[in-house]
Every structure is written in C-alpha cells, then in structure tokens.
Amino acid sequence: MKQNWWKIAGSLLVVFSLIAGLQIRVKPGLLNTVSDHASTSEAPFKVSISGYNTNFSQAENQVWLVNDTLRKIKTCASKITVTDDQHIIAEFPPVAPAADPVFGLAVYNSADGLLFKPSAINTTDTFKAVIVQSCTPKVDVNAGKQFAFPFRYVLYESIRNLFFHVPMWFCMIALLTWSVFNHIRYLRTFNAKYDVIADQTIRTAILFGILGLITGSVWARVTWGAWWVDDVKLNGAAITMLAYLAYVVLRNSMEDKEKRARIGAIYSIFAYVMMIALLGILPRLKGTDTLHPGNGGNPGFNQYDLDSTMRPVFYSAVAGWVIIGLWIAQIRTRIHNLKEASENQ
Amino acid sequence: MKQIALFILMIVLASPLAAQQSVDDKLYEALHGHASFHAVFAVLFIILCGILFYLFRLDRKVSRLEKDLKK
C-alpha cells in the first residue's frame, strides 16, 4: 500500500476532474437575439432574447444596445417583457448605427450580472445622421459572481472538454519526456533496464496521442465544423504521431537487441526534438494562423484562456492523467521484464 | 480473442444510442442544457473505450505470459 500511494493519488485526481468537470455549471450567457425589423432606425422594434442558464424572472432586468467601439453610447430598451428565466422580449426606440451596422446587446440583472453579446443585431441601415438615444444603466460589477465555468460562444458546454482532451496531450508529452530522459540514461550507461523503460513509455505515450487526436477531432467537428481543419497544431500533432509510430516499426524491425536499443534511443531523441518544435514552437511563431488558443505569438495560458474556476480542475486532470500514464507504462515495463525472465529460463 | 469480440459487440450495441442523441437535439437540450454537451460525452466515451481497449490488450499479454510460464 505504501508504495502505491501515487497510483491512488492519480486516480483520485482523475476522478475529481471528472466529477468537477461535469458537475460545475456554465455561467449564464446570451444565446440568440432576434429582431423583428430589418431596420433599426425607421420604427420601434422588438428583440427576442434567449439566454442560457439565466435567471431573467428573478431580478429586474435592464437591456441596452451599443454600437460604437468604446461601448459608450447606450440605447436602453423602453419596455421589457419577461417570458421565463430563459426568454425576454425587449422593445427599443428607433436608433441608427454610429459606425458598423452591427449592434451589441447587453442584459443586466443582479442575479446573472452583466451579459453581453458582441454582434447581436444586424441592421440594414447605413451610417446617417445619428439618432442618439443615450442612457446610463446602473450596473454593479460584482453582481452575479458564482463559481462556474465561463460562457463562451462557439464552445458553450463543450468547454468542459478542456479537462478531458487537453490532458491527453499533456500526458503524452510528459511520457515522451520521461522516455527521452531514460533513453539518454541508456546511451550514457548502456544499461538495458533504461532502454526497456523508455521503450515501454513511448508505446504508452502513443495511446494517449491517439486518444488526443480522436477526441480533438470530435471536438473540432462540434466547434469548428469539420473533423480535421488545416491548423498548424493539428498537422504537427499528426506528424508527431507518425514519427513515433515509425519508431515502433523501426524498433520492431531489428532483431539484434543492442543495435535495436541504440538506434531506437537516437531516433527517439530526434523525434522528441521534432515534437517540441512542431507542438511547442511552430504554432507560436508570429504569422501562423491557428484555431487553438494561446498561439500566434502569445503565451500558452493567459488570464483570458484559462478562467480561475477552470484552473484547479484542469491542473488536477493533467496531474492525474500523467500519473495514470506513468502507471500504465510501469505495468508494461513489468510485463516486459517478466517476459524476458521467462524467456531466459 | 473472446474478450475483444465482446468489446467490439459492446461498441456496436452502444453506437445507435449515440446516433439517437444527435437526432433529438431539442429534447436533449431540454435535458442537458446545450447540444454542445454531445462533444463532452463523445470525448469521454472515446477516452474510456481507448483505455479499456488498451487494458484488454495488456490483459492478453499477461495471459500469454502465464501460459508460457506454466509450460
């Protein structure tokens, strides 16, 4: 029991990330905003708003439109009808766009806090003499704070996949780091023990890489609309997987144990460097266009990418999966050693 | 071999359930919030299947080893 504590810790971390990742709610947000008039400046118009996880009927609502980039000129709704917690109809006085023909829409109540949809209503009007209908809604910045995952357009509920898809890659990279470390140890000492550890760890890492590719593909279908998109990180991940599959083929193709171990170790070091370049450096270069967050010259995780409510769940998921990966690698190593021992008898 | 056959059968039996969900988006939304929850379920399903499949393969390796040792 004493030497198994880390396996228990890893399992608990994964279980925690599963429960927390599925149980914690997503913050309220605005799903759809539909106007009954194509033009906004000719006559008063009604906008039907549907919210997600909202509590419209529990507090007094304020609804307003913004059009300028600074969001300073606000046009408040003249009448608000609440249908239920998720639906609200707001009536607006005629208003012409000050800049682009797109209005952003904000809803505020003390239960949900400030909700904002950037391009909520398109108007057929072009810029003309501005009809200014300015108002100043009363907003408490601290209202509606709750422990929940952020509401993001495009992602919605699938934001939870951060705890399941991303740790697969972290686990793969951790396992490959462990294996390259052992391969270097092997090349320094020529002790076959290290070669076995490194080899079995790579084979486990491939499992997590394949899981990362498939889960990523499913997530991309839902959010980006295609199973595979032309993205530096996706292609880099695919090439990495191919390089490591080639490692397995290369290694299995050689009979001589010592030769196999040496060539395998050197190949593994090159493959590792290439993996770091493909997954860690290339997507971050300036001018590269990628759909993954935190790329194109930005640091991996900033405040915007990883909300403080997601951080504890995400980090425990990563730690848990890395431990489980090492555990599987250890079992593989033990099986391999037993096999060797039985063959030598 | 028997175990793998059983496992494949399990997946085949489960897949119509997954297909059903995408048809009834509205009902599903009412029960589970947003339809994008599909992606979360699908991802969890794949991870679970992948790990289980891997375990079966490891299990087979150990069984073969046990057989060899008995001989």
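Colleague: How many of the 71 residues of chain B count as buried?

Modeller: A residue is buried under 20% relative accessible area, exposed over 50% and partly exposed in between (1.4 Å probe, protein chains only). In this predicted model, 28% of the 71 residues of chain B count as buried. Local features here need pLDDT of at least 70, and side-chain atom pairs count only at pLDDT 80 or more, while totals for chains, interfaces and linings use all residues. Residues are numbered from 1 along each chain as its sequence is written, and side-chain values use heavy atoms, with hydrogens and water left out.

Colleague: Which elements does chain B have?

Modeller: Helices (H or I, at least four residues) and strands (E, at least two) are DSSP runs, numbered from the N terminus. Chain B has three helices and zero strands.

Colleague: How many residues of chain A are in contact with chain B?

Modeller: Contact requires heavy atoms within 4.5 Å. By that rule, 31 residues of chain A meet 19 residues of chain B.

Colleague: What area do chain A and chain B bury between them?

Modeller: Buried area is the accessible area (1.4 Å probe) that two parts lose on being put together, summed over both. Here the two chains bury about 2,300 Å², with 84% of it on carbon and sulfur atoms. Helix H1 (5–23), helix H3 (192–223) and helix H6 (310–344) of chain A each supply at least two residues of the side that touches chain B. H3(A) gives the most, with ten residues.

Colleague: How many salt bridges does the rule find across this interface?

Modeller: A salt bridge is a side-chain nitrogen of Lys or Arg within 4 Å of a carboxyl oxygen of Asp or Glu. Between chain A and chain B the rule finds zero.

How values were computed
Chains lettered and ligands numbered in written order.
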